[in-house]
Amino acid sequence: MSDDSITLSPRARFQAAMVLAMVADGLQLVLFPMFGEGAFSPADDLLDSGVAAALIHLLGWHWEFLPSFFAELVPGVDLVPFWTLAVANVYRKSRHVATPPEEISGQPPVLKNLPGSS
């Protein structure tokens, strides 16, 4: 038996995480009566636990997921798309870390050893 697992690129992982977060937040908006009780709703607990586990599996552990999870337990507050905001913030942070310092400062990179330069 071979151990062939499917590997996803980081971009595909972020896309899958964003779709999952948007679907979860959309379900909580559309099916509000089922999820309106916050922590007292078993459906809300199952959905939020599953989404948290899936996001951690896709993107790894990020502190943004913890406040999102707890906010989803408060009745009425789960109408705010916290999962989507958390994934967007993780994506923003990853893009900021991956950006070279030359691009952040706004200064064009200095090109050295070009023909015709002194």
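These questions and answers look at how the terms used for this predicted model follow from its values.

The model is predicted, so local features need pLDDT of at least 70 and side-chain atom pairs count only at pLDDT 80 or more, while totals for chains, interfaces and linings use all residues. Residues are numbered from 1 along each chain as its sequence is written, and side-chain values use heavy atoms, with hydrogens and water left out.

Q: What makes up the secondary structure of the chain, in helices and strands?
A: The chain has 6 helices and 0 strands, in the order α-α-α-α-α-α along the sequence.

Q: Why is Ala 21 called buried?
A: Buried means under 20% relative accessible area, exposed over 50%, and partly exposed in between, with a 1.4 Å probe and protein chains only. Ala 21, in helix α1, has a value of 0%, so it counts as buried. Across the chain, buried residues make up 25% of the 118 residues.

Q: How do you know which residues Ala 21 is in contact with?
A: Contact means heavy atoms within 4.5 Å. Leaving aside neighbours within four places in sequence, Ala 21 has Trp 83, Thr 84 and Val 87 as its contacts. Ala 21 and Val 87 are 66 residues apart in sequence, yet their C-alpha atoms are 7.3 Å apart.

Q: Is Glu 64 buried or exposed, and what makes it so?
A: Glu 64 has 14% relative accessibility, and therefore counts as buried. This residue sits in the loop between α3 and α4. Beyond four places in sequence, Glu 64 is in contact with Ala 86, Asn 89, Val 90 and Lys 93.

Q: Why is Arg 92 called partly exposed?
A: The relative accessible area of Arg 92 is 49%, so the residue is partly exposed. Arg 92 belongs to helix α5.

Q: What makes the pairing of Arg 92 and Asn 89 a polar contact?
A: A polar contact is a pair of N or O atoms within 3.5 Å; within protein, one must be able to donate a hydrogen and the other to accept it, and residues adjacent in sequence count only if both atoms are side-chain atoms. The side chains of Arg 92 and Asn 89 are joined at 2.7 Å.

Q: How do you know that the buried residues of α4 are on the same side?
A: In helix α4 (residues 65-72), the buried residues are Phe 65, Ser 68, Ala 71 and Glu 72. They cover an arc of only 130° around the axis, so they are on the same side of α4. The arc is taken from the directions from the helix axis to the C-beta atoms.

Q: What makes a set of residues a nonpolar core, and which members touch the most others in the largest one?
A: A nonpolar core joins buried Ala, Val, Leu, Ile, Met, Phe, Trp, Tyr and Cys residues through side-chain atoms within 4.5 Å. Of the 15 residues in the largest core, Ala 17, Val 51, Leu 55, Leu 59, Phe 65, Trp 83 and Val 87 touch the most other members. The elements giving two or more residues are α1 (10-30), α3 (42-59) and α5 (82-98), and α3 supplies the largest share, 6 residues. Not counting residues up to four places away, Val 51 touches Leu 20, Ala 24 and Trp 83.

Technical notes
Helices (H or I, at least four residues) and strands (E, at least two) are DSSP runs, numbered from the N terminus.
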